[in-house]
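Here are my notes from going through this one, written for someone new to reading structures. Have the viewer open and follow along point by point.

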Amino acid sequence: MFSMAVAAVRKRRFAEAAVLAAVLLAPVAAVTAAPAAQASVSHSAAISSNGGSRAGNAALNWAERHAAGCWYSYGGSACSPGYDCSGLVMEAFGHGAGIWLPHSTYAMLGNRHLHWIPLSQARRGDLMFYGSGHVEINTVWYHQTFGAHNWGERVGWATWGPWWHPTAAYRVW
């Protein structure tokens, strides 16, 4: 019981530190990601200083600022009533990067803006797909993504584990 409480406190502190880091780095990221707000991004302009695409970085910046703490809601694409995984990704790329993706993980996979990359090359802002039809946005932290995870949970950061990890990665430009 005590170890569960300690783990909960550590997870909360880590999330608070991540939000603080995002707030402190947001002005720098906003300057870097500003050109990605255009509807079409060429491949040569798609690379950002974080290694991923400018569109992906802009989408993650938007999601961390506007969706963190909102509730999960199946089929949702707004903070009220909540987001599901693909609704969050759709809104983040639409508002953050000007790239409107479909509201379905399976439809996203056929979208011309998604380009498959090996999991080992995934960087901040890349989409991480899980075998069950789930999608989240990769962060700069090792084995951690940002997304709408599950019913009864808030949108935020999650760490991969041996039984829950992405099976495919895509870069968006």
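The points below go from the sheet to the helices, then to a histidine and the cysteines.

1. **What kind of model this is.** Keep in mind that you're looking at a predicted model.

2. **The sheet as a whole.** Start with the open sheet of six strands, which runs in the order S3-S8-S4-S5-S6-S7 with antiparallel pairing. S3 and S7 stand at the edges with a single partner strand each, so one side of each has no neighbour in the sheet. Neighbouring strands here are turned against each other by 40 degrees on average, ignoring direction.

3. **The hairpin.** Now zoom in on S5 (residues 134-138) and S6, which pair in the antiparallel sense over two bridges. Together S5 and S6 make a hairpin, with five residues between them. Look at His143 in that turn: its phi is positive, at about 55 degrees. For the facing residues, find Ile137, which stands opposite Phe146 in S6, and Asn138, whose bridge partner in S6 is Thr145.

4. **The other neighbour of S6.** S6 is also joined to S7 (residues 156-159), by four bridges, and these two strands run antiparallel. Here Gln144 stands opposite Thr159 in S7.

5. **Which way do the residues of S6 point?** In a regular strand, side chains alternate between the two faces of the sheet. You can follow that along S6 (residues 144-147): Gln144 and Phe146 point one way, while Thr145 and Gly147 point the other way. Are these residues buried or exposed? All of them are buried.

6. **A helix across the sheet.** Next, find H3 (residues 85-97), which lies across S4 (127-130), S5, S6 and S8 (168-172). Against S5, helix H3 runs at about 40 degrees.

7. H2 (residues 54-66) has 13 residues and reaches 18 Å from its first C-alpha to its last, close to the 18 Å expected at 1.5 Å a residue. How many of its residues are buried? The count is 10 of the 13, so H2 is largely enclosed by the rest of the structure. Among the buried ones are Leu60, Trp62 and Glu64, and the list also includes Gly56 and Asn57.

8. **A histidine in a loop.** His113 sits in the loop between H4 (105-109) and S3 (114-117). Why do we call His113 buried? Its relative accessible area is 10%, and the cut-off for buried is under 20%. The side chain of His113 reaches the backbone oxygen of Trp173 at 3.0 Å.

9. **The disulfide.** A disulfide is a covalent bond between the sulfur atoms of two cysteines. How many disulfides are there? The count comes to one, and it joins Cys70 to Cys79, with an S to S distance of 1.9 Å. The link of Cys70 and Cys79 is left-handed, with -100 degrees about the S-S bond.

10. **How covered are the cysteines?** Cys70 is buried because its relative accessible area is 5%, whereas Cys79, at 39%, counts as partly exposed. While you're there, check Cys85 too: it is buried, with a relative accessible area of 10%.

Notes:
Residues are numbered from 1 along each chain as its sequence is written. This is a predicted model: local features need pLDDT of at least 70, side-chain atom pairs count only at pLDDT 80 or more; totals for chains, interfaces and linings use all residues. Side-chain values use heavy atoms; hydrogens and water are left out. The expected span of a helix is 1.5 Å times one less than its number of residues. Buried means under 20% relative accessible area, exposed over 50%, partly exposed in between (1.4 Å probe, protein chains only). Two strands pair if DSSP finds at least two bridges between them. A disulfide is a pair of cysteine sulfur atoms within 2.5 Å. A polar contact is a pair of N or O atoms within 3.5 Å; within protein, one must be able to donate a hydrogen and the other to accept it, and residues adjacent in sequence count only if both atoms are side-chain atoms. Axes are lines fitted to C-alpha atoms, for helices over the stretch in contact, and angles run from 0 to 180 degrees between N-to-C directions. Contact means heavy atoms within 4.5 Å.
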